[in-house]
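Let's take a walk through a protein chain together. Keep the sequence and the 3D view side by side, and find each residue as we come to it.

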Amino acid sequence: MSEKKPSVWEGFKAFLMRGNVVDLAVAVVIGAAFTNIVNSVVKGVINPLVGAIGTKNLDSYSSCLRDPCKVTADGTVLSGIPIRWGSVLGATLSFVITAAVVYFLMVLPMAKYLARVEARRKAKEGTHEVIEVTELEVLKEIRDALVAQRGSGHDAR
């Protein structure tokens, strides 16, 4: 007799019900919502700070690999090979800001919370172990006392 194989649908349901899939879905939704905040910080704070040195639009920073570089307003390259390192810098700043906020506002507090919960659990287990060992020792003492009492007073049965 062969074992019944789970159907594709049952396997799919089991996959969806795993904790990792749900965690990933929550992370994607939060990340998508958080993107607007990060973009606002980059455009409202970072770009003006960079603009104090040069231009406020990081996308305008570029170098030309082969002269002459001519690019239209919509971004079409007419001649040359432009390297748009300003847009890479802007994306990198957005990533670093996102990673820092996620770490300091979500990951770090959750790690501290989980560490406290684990410490409480270990402390509670330690207390139970001490109580269990103490109870075991008391039971052994009672047993030894009963054996000693039986041995000294009730030899003739």
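**Following the chain**

Starting from the N terminus, the elements of the chain come in the order α-α-β-β-β-β-α. That gives three helices and four strands. Keep in mind as you look that this is a predicted model.

How much of the chain is buried? Of its 157 residues, 7% are buried, where buried means under 20% relative accessible area. Counting contacts with a separation of 6 or more, 32% are between residues 24 or more positions apart.

**A bridge of sulfur**

Now look for the cysteines. A disulfide is a covalent bond between the sulfur atoms of two cysteines. The structure has one disulfide, and its partners are Cys64 and Cys69, with sulfur atoms 1.8 Å apart. Which hand does this disulfide have? The torsion about the S-S bond of Cys64 and Cys69 is about 90 degrees, so the disulfide is right-handed.

Next, turn to the aromatic side chains. In the whole structure, a search finds three aromatic pairs. One of them joins Trp9 and Phe12: the ring centres are 6.0 Å apart and the planes meet at 40 degrees, so this pair is tilted. Where do these two residues sit? Trp9 and Phe12 are three residues apart in helix H1 (residues 8–17), which means that about one helical turn separates them. Trp9 is exposed, at 56% relative accessibility, whereas Phe12, at 39%, is partly exposed.

Tyr61 and Trp85 form another tilted pair, with 5.4 Å from centre to centre and 35 degrees between the planes. What does this pair tie together? Tyr61 is in the loop between helix H2 (19–51) and strand S1 (63–64), while Trp85 belongs to helix H3 (residues 85–153), so the pair ties together parts that are 24 residues apart in sequence. Trp85 is partly exposed, with a relative accessibility of 39%.

Notes
Residues are numbered from 1 along each chain as its sequence is written. This is a predicted model: local features need pLDDT of at least 70, side-chain atom pairs count only at pLDDT 80 or more; totals for chains, interfaces and linings use all residues. Side-chain values use heavy atoms; hydrogens and water are left out. A disulfide is a pair of cysteine sulfur atoms within 2.5 Å. Helices (H or I, at least four residues) and strands (E, at least two) are DSSP runs, numbered from the N terminus. Buried means under 20% relative accessible area, exposed over 50%, partly exposed in between (1.4 Å probe, protein chains only). Contact means heavy atoms within 4.5 Å. Rings of Phe, Tyr and Trp (its six-membered ring) pair if their centres lie within 6.5 Å; planes under 30 degrees apart count as stacked, over 60 as edge-to-face and the rest as tilted.
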